[in-house]
Amino acid sequence: MLEGTDILAPTHDPAECEPTQSEIQQILLDRLARTRAELKKRDIVAAVLFDPTHVRYATGARNMQVYSARNPARYAFVPAEGPVVMFEFSGCSHLTEGLPGIDETRPATAISYYFCEDNLQQTTQAWAAEIDDLVRQCGGQKGDKVAIESATSHAAFALVEHGWQICDAQVPLERARAIKVPNEIKMVRSSLRAVENGVRKLEAAIRPGATENEVWSQLHQHIIATDADYVETRLMNSGPRTNPWFQECSNRAMQAGELVALDTDVVGRYGYYADFSRTFLCGDGKATSTQRELYRMAFDQVRHNMALIAPGMSFKEYAEKAWQIPQPYKARRYFALAHGVGMTGEYPYIVHREDIDDKGYDGIMQPGMTLCVESYIGHEAGGEGVKLEEQLYIHDDGQVELLSDYHLDERLLAE
């Protein structure tokens, strides 16, 4: 247990941080089963998945993740009942070998102007005819719902012309991903342990005169070396660029005595998000009283809100009980109190009490959810800011485990 809380401490036990090959195969099948269950729950006969995260979740197929996020050049046909067909990029069919949830691999039809130029309409019609045939083979009848996402508008219109009712595949996939299947959490822990080692290299590179980009690159190098995919954002900044938050990494040289803040946002090992935030002090000096005050508020906010995580807790109740941000820091608060996390940031997003009626929604925290608890403290009048974030998991028995395990800067935490 963590001191002063009922939260389980992070584990570094290899048996709990690295799945076996047989566990990996079962995880893939269980994720597919959750996807199918969410389709059936919504009377969706089949889904056509283009989002590379959702393709990987439902099928295990990993290929050109960043490229595929903007080019509809590979996709998966996932029916509620029937064979799963992976449509893979030209020349890449061998990449799906050994994946237990894929029944057939076909060459993908790339349906964008980039690939087709003036043949786009004809190509899209041929694509839709192939999908139409697959849906009918799986028992679909005219008027049934077919889910699609991240494709072109022409693709959706073409399926409508075949008589299908089109809906958004993001809804069932987000709901499927929100509850982790048995042993899936081992993949999450594996990703976190690798990224934590990368942040250690990054922290060691923080020194006066080093640029933000130079230091940030240490994390990129390490995650690629440990079989991760990519860093989703560029959130590391220093000194006056730490407030307001969301200032991307730059060529600014760090100065002694400044704060350096980061958010990992790494799509890491096995495709799982490692998402925690830390703020460091550059150089060997002591922190100022203002820096310590900012850091203490961020620490208190995270620890208070971590302790509220529990199965059965509603999102609105969580917002009402959350740590009260002092007035001068409310305007620059982080947009979410907590959010789901799996292969990327995911459902749910839980916003502050001030925002929940306008921007939020209600729901219930459930066993199997993995959540990140966020804090950003920056004064509305300017100065430096502090970013902290931790990643947690709600076990089936209701216990809550802290997944992220990276030290805090004791110079900033000191009274």
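Colleague: Which residues are buried in helix 11?

Modeller: Ten names to look for: Gln291, Leu294, Tyr295, Met297, Ala298, Phe299, Gln301, Val302, Asn305 and Met306 are buried in helix 11. Buried means under 20% relative accessible area, exposed means over 50%, and partly exposed is in between (1.4 Å probe, protein chains only). Helices here are DSSP runs of H or I with at least four residues, strands are runs of E with at least two, and both are numbered from the N terminus.

Colleague: And what am I looking at, before I go on?

Modeller: This is a predicted model, where local features need pLDDT of at least 70, side-chain atom pairs count only at pLDDT 80 or more, and totals for chains, interfaces and linings use all residues. Residues are numbered from 1 along each chain as its sequence is written, and side-chain values use heavy atoms, leaving out hydrogens and water.

Colleague: Back to helix 11. What should its 18 residues span?

Modeller: At 1.5 Å a residue, helix 11 (residues 289–306) should span 26 Å. Its end C-alpha atoms are 25 Å apart, which agrees. The expected span is 1.5 Å times one less than the number of residues.

Colleague: Where does Arg296 lie?

Modeller: Arg296 is part of helix 11. Its relative accessible area is 24%, so Arg296 is partly exposed. Follow the chain and Leu413 is 117 residues away from Arg296. In space, the two are 6.1 Å apart, C-alpha to C-alpha.

Colleague: New topic. How many cavities of 30 Å³ or more are there?

Modeller: The structure has two of that size. A cavity is a set of points on a 1 Å grid over the protein atoms alone, where a 1.4 Å probe fits but cannot get out; lining residues have an atom within 4 Å of a point. Points join across faces, edges and corners, and volume is the space filled by probe spheres set on them.

Colleague: What lines the largest cavity?

Modeller: Its lining is Arg278, Phe299, Val302, Arg303, Met306, Leu388, Glu389, Glu390 and Leu408. Helix 11 and strand 16 (385–394) are the elements that give two or more residues to that lining. Helix 11 gives the most, with four residues. The space inside is about 50 Å³.

Colleague: How many nonpolar, polar and charged residues are in that lining?

Modeller: Five are nonpolar, four are charged, and there are no polar ones. Ala, Val, Leu, Ile, Met, Phe, Trp, Tyr, Cys and Pro count as nonpolar, Asp, Glu, Lys and Arg as charged, and the others, Gly among them, as polar.

Colleague: And which residues line the second largest cavity?

Modeller: Look for Thr53, Arg56, Gln65, Asp229, Tyr230, Val267, Gly271 and Met343. They divide into three nonpolar, three polar and two charged residues. About 40 Å³ of space lies in the second largest cavity.

Colleague: Which domains give residues to that lining?

Modeller: Domain 1 (21–177) and domain 2 (184–412) both do, so the second largest cavity lies between them. The domain bounds come from an automatic or database domain assignment.

Colleague: Now the backbone. Which peptide bond to Pro244 is cis?

Modeller: The one from Asn243, with omega near 0 degrees. Pro244 sits in the loop between strand 8 (236–238) and strand 9 (259–263). The bond from Tyr347 to Pro348 is also cis, with omega near 0 degrees. Pro348 is in strand 14 (residues 345–350).

Colleague: Why point those out?

Modeller: Most peptide bonds are trans, and most residues other than glycine have a negative phi.

Colleague: What is the phi of Asp265?

Modeller: Near 50 degrees, a positive value, and Asp265 is not a glycine. Asp265 lies in the loop between strand 9 and strand 10 (266–267). Its relative accessibility is 6%, so Asp265 counts as buried. Tyr270 also has a positive phi, of about 60 degrees. Find Tyr270 in the loop between strand 10 and strand 11 (273–274).

Colleague: Where is Ala228 found?

Modeller: In the loop between helix 10 (212–225) and strand 7 (230–231). At 8% relative accessibility, Ala228 is buried. Ala194 is 34 residues from Ala228 in sequence, and 8.6 Å from it in space, C-alpha to C-alpha.

Colleague: Last one. How many residues has helix 6?

Modeller: Helix 6 (residues 120–137) has 18 residues. From first C-alpha to last, helix 6 reaches 26 Å, close to the 26 Å expected. Its buried residues are Leu120, Thr123, Thr124, Trp127, Ala128, Ile131, Asp132, Leu134 and Val135. After helix 6 comes Gly139, with a positive phi near 95 degrees.

Note on methods: 1 Å grid on protein atoms, 1.4 Å probe; cavity = no way out; pocket = protein on both sides within 12 Å on 5 of 7 lines; lining within 4 Å.
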